[in-house]
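Let us walk through this structure together, one piece at a time. Keep the sequence beside you as you read.

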Amino acid sequence: MLKWVIQKIVGNKNQREIKRLRPIVSKINEVEEALQNEPEGKLQELTRTWQENLHRYLPLELPTKRQLNLLSAEELKNISDDINARFTALKEDVSALNVTIEPTPESINEARDLFQDAEGLFPDMRRKYLDQILPEAYAVVKNAARRLSGREITVCDETMEWNMIHYDVQLVGGICLHRGLIAEMQTGEGKTLVGTLPVYLNALTGLGVHVVTVNDYLARRDAEWMGTLFQFLGLSIGIVQNQMPSDLRKASYEADITYGTNSEFGFDYLRDNGMASSASDQVQRGHYFSIIDEVDSILIDEARTPLIISGPSVVNTTQQYDKYRPLIEQLVKKQNTLCNELGTEAKKAFEAGDLEHAGRTMFKLKLGQPRNRQLMRMMEDPELRRAMEKAELALYEETRKTQLFELKEELLFTVDEKGHEADLMEKGRAFLSPNDPDAFVLPDLATSYGEIDANLDLDDEKKNKAKDDLQDKLDSQGEKIHSISQLLKAYCLYEKDVEYVVKDNKVIIVDENTGREMAGRRWSDGLHQAVEAKEGCAIEKETQTYATITIQNYFRLYEKLAGMTGTAETDAAEFHDIYNLDVLPIPTNKPNQRKDENDQVFKTRREKYNAVVERIRTCHEEGQPVLVGTASVDASETVGRMLKRAKIPHQVLNAKYHRQEAEIVRNAGKKGSVTVSTNMAGRGTDIKLEKGVNELGGLFVIATERHISRRIDRQLRGRCARQGDPGRTQFFLSFEDDLMRNFAASDRMTTLMERFGMEDGEALEHGMLNRSVETAQKRVEQAHYRQRKYVLDFDDVMNQQREVVYGYRKDVLTSDDPRELIYEIIEEVIPEKVDHYVNQRDDGEPDYKELYGWVNLNFPLRLVQEEVQLEKKSEQEISDFLIEQVKKAYELKVKQEKPEFLDGLERHIILVAIDRLWQEHLYNMDGVRQGVHLRQHGQKDPLIEYKTEAYKLFTSLMDNIKGEALGNLFRSTTNLEQYENFLH
């Protein structure tokens with residue numbers, strides 16, 4: 001009570017934060033009002049002044065040390081003049097730079113070191129300066145928008161008029177974004193325009209600002225639309241689009257502001273750091289500031305799938321999905337027949353008054369086929385529903401786990417919709433392999449190897465062959481089990497037009513949150529191939545991961561991160577925990593006039609859809625536009641067919657018709673229009689109401705299902721009542737909906753059904769019901785958060801390794817003197833090899849013969865034992881001697897090379913080793929990740945096991961990279977003919 005009273009007096013935390021920003025907003029408006037009396041050129045003049053100040057802190061780009069030695073006196077003079085100009089601009093802030101640089105390589109290299117020492121001070125200086133000029137900079141952007149008003153501009157090949165000037169609440173949102181917060185702004189409040197404020201301010205630094213959108217169309221639209229404002233002020237704009245060539249990408253990233261999708265930015269990062277063979281091949285400049293539009297969609301929904309660049313697998317795998325598909329089809333049909341019999345049995349038991357047997361049989365049916373039609377109908381009866389729930393609760397008691405196991409074994413396989421799993425039972429295994437009882441049993445390698453070694457009748461050759469045969473059997477059976485398991489999932493858990501669509505003989509994943517196709521994305525671990533086999537599509541070959549990163553770890557690369565959305569508060573905890581981002585709801589410019597009506601809950605989906613169509617008919621006849629939100633492509637097409645039969649004109653917007661999105665959304669606010677969509681209507685596009693619609697009550701949003709995420713429901717509600725328009729929303733549910741069946745509190749549902757005695761076609765409305773649905777949604781959100789966190793925990797292990805390898809690779813690409821890196825490898829690897837051959841041989845005795853062999857194989861030293869007598873030297877002396885000889889040989893080698901190509905050659909020597917071994921390492925890590933999950937059956941934590949195995953593999957990787965680079969040292973050249981002469 002006290003907390004409520006205090007909040008009424010001083011406001012909650014968010015309201016107090018908004019109040020603190022009001023003086024800054026007043027200052028912005030004051031400056032902007034003064035700018036209205038200035039000439040247009042004043043805005044560009046201010047932009048240039050701020051850029052000059054901030055560009056002092058940009059990196060100092062200089063030739064490498066070897067390149068400096070090849071430059072003429074005039075070229076050195078130009079470079080020293082540029083450095084002195086930069087130092088003069090910085091000397092008041094950094095006293096160490098109050099020096100004069102001479103036009104010599106030595107003096108320029110000294111300047112390089114001085115500047116690098118000072119760079120650590122720049123981020124703080126840059127931040128303070130941006131905060132200082134923020135009111136003026138935001139006023140400049142607002143004034144530019146005012147001056148553009150009424151002008152015609154071209155956006156995506158269409159002519160439109162600029163008619164936007166920033167409201168005060170948009171200025172508040174802009175301040176929040178600059179401070180690294182998520183601004184939650186309702187649909188229609190102009191988030192796109194809000195982004196122009198912090199984007200302009202931070203683009204003045206010259207470090208590049210990345211504006212991230214959910215698709216290529218919005219990236220292009222926003223770049224051309226808001227780009228009008230930025231270009232008016234003198235800033236450059238770039239767009240990164242799918243399939244764009246590398247040179248155009250590089251030019252886009254060189255711009256002050258770059259628009260693109262999260263996947264394009266992420267894949268460019270992977271290509272730059274995992275594939276670029278030179279610094280000039282890298283397209284991104286860095287990761288300074290990113291603003292993410294629809295931040296919840298990208299950082300939450302998209303984050304469940306990592307970004308992966310893959311290619312042909314170097315390991316031969318046999319594809320068995322086609323082979324086992326007919327067997328799985330027969331298995332599923334046999335289970336369907338069994339489940340129909342169980343349904344009949346349960347019904348007869350109920351009619352005979354045996355509720356206990358009926359409930360137990362219904363529960364068995366639920367385990368075997370959760371969406372069985374007879375089961376759905378029986379669940380409409382509260383008495384039967386309660387009997388099943390009672391049987392389920394009883395069997396899950398600890399003392400009755402054996403009975404539960406026995407019940408499951410009466411089925412061919414069980415399906416767990418919540419856990420998204422399908423498990424083969426003993427009957428199912430016997431059906432698939434009737435003549436081989438051990439077909440689904442993997443051999444115990446450790447025990448079997450021990451038995452082979454203990455068999456005195458076998459010689460070493462036969463023992464090795466027996467072990468190889470055992471390994472082959474393990475691989476074959478493991479592949480068979482895996483293929484069958486994934487096919488079973490494909491048939492039982494993945495529905496066409498719900499989880500995926502089939503187009504042009506390809507299986508394309510549908511995003512469950514937006515309803516959009518996810519072209520190019522594939523389910524991992526063979527699942528996608530299993531679905532392709534199920535649908536009779538061409539099965540693509542297995543691929544190998546070349547580079548990968550999660551969305552979470554990519555965006556954590558940025559020095560500053562901010563985002564905008566209409567729905568972020570429900571996931572505020574995850575934003576804070578994963579990204580260290582806090583959410584601030586921004587008040588609307590005009591009071592929200594939307595009316596959210598109570599949910600209507602029906603017994604069956606059939607009754608629900610009939611009620612939806614009837615409500616649509618009523619609105620359509622009155623002229624009120626209706627937007628119908630569905631949870632899947634299949635549901636949208638079902639509603640579409642019913643509307644067609646009812647002769648109600650409508651438009652369907654789903655993953656099959658996403659290209660027409662902009663046009664369909666544009667017409668959704670017209671009188672009498674009916675638009676059916678799959679959770680995607682108007683993403684990035686507002687629905688504007690036709691004249692006269694306000695008097696009819698505005699847009700009416702009808703949802704045919706509650707989504708598993710409250711945030712998606714809020715997004716759908718937000719499609720109406722923009723900028724003070726009227727509007728209303730209502731959700732239509734049924735007890736057959738997946739959310740209600742799997743996650744809603746069953747006992748509470750049954751109680752409500754009994755209390756209100758629902759008749760056929762009758763709807764249920766109750767506050768307790770709404771709370772139950774929201775509780776169910778929270779459960780699913782928490783489960784998905786745990787899933788994303790689990791994926792991230794594993795990727796964090798990989799990310800630490802990625803940072804080390806990519807960091808080393810970057811050092812190789814950008815080093816001023818790559819030969820220093822070569823010599824570091826020589827000085828590190830040779831002592832390790834000497835220690836290995838002298839101290840760590842199997843018999844404990846030094847093996848100088850192998851040491852001579854290793855040296856002469858990798859280096860053109862031609863050491864002769866009798867001449868150098870390494871065995872008479874100490875370990876340290878041997879290392880020092882070999883290091884000296886290898887360096888001498890290398891110095892002799894490089895004299896034969898072309899000086900202008902030497903930097904590239906020395907980088908190439910190390911890069912080849914990094915790239916080949918890193919890809920091999922990723923393949924090995926995939927195998928480890930799949931394998932450690934089996935260890936939980938042995939009461940071991942898969943994550944801890946993964947960390948342990950990953951550490952061993954990574955230590956080996958880094959040693960192998962340096963060893964292979966050393967082996968490449970005398971096998972790479974810029975001049976093959978001269979090098980062959982040198983060797984001979």
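Start with strand 7 (residues 289-293) and strand 14 (residues 560-565): they run parallel, joined by five bridges. Strands pair if DSSP finds at least two bridges between them. Helices (H or I, at least four residues) and strands (E, at least two) are DSSP runs, numbered from the N terminus. Ser290 has Leu561 of strand 14 as its bridge partner.

This is a predicted model: local features need pLDDT of at least 70, side-chain atom pairs count only at pLDDT 80 or more, and totals for chains, interfaces and linings use all residues. Residues are numbered from 1 along each chain as its sequence is written, and side-chain values use heavy atoms, leaving out hydrogens and water.

Seven strands form an open sheet in the order 5-6-4-7-14-3-15, with parallel pairing. At the edges are strand 5 (237-239) and strand 15 (583-585), and each pairs on one side only.

Finally, find Thr729 in strand 22 (residues 726-734). Is Thr729 buried or exposed? Thr729 is buried, because its relative accessible area is 1%. Its side chain makes a polar contact (N or O atoms within 3.5 Å, one able to donate a hydrogen and the other to accept it) with the side chain of Arg717, at 2.5 Å.

Definitions and conventions. Buried means under 20% relative accessible area, exposed over 50%, partly exposed in between (1.4 Å probe, protein chains only).
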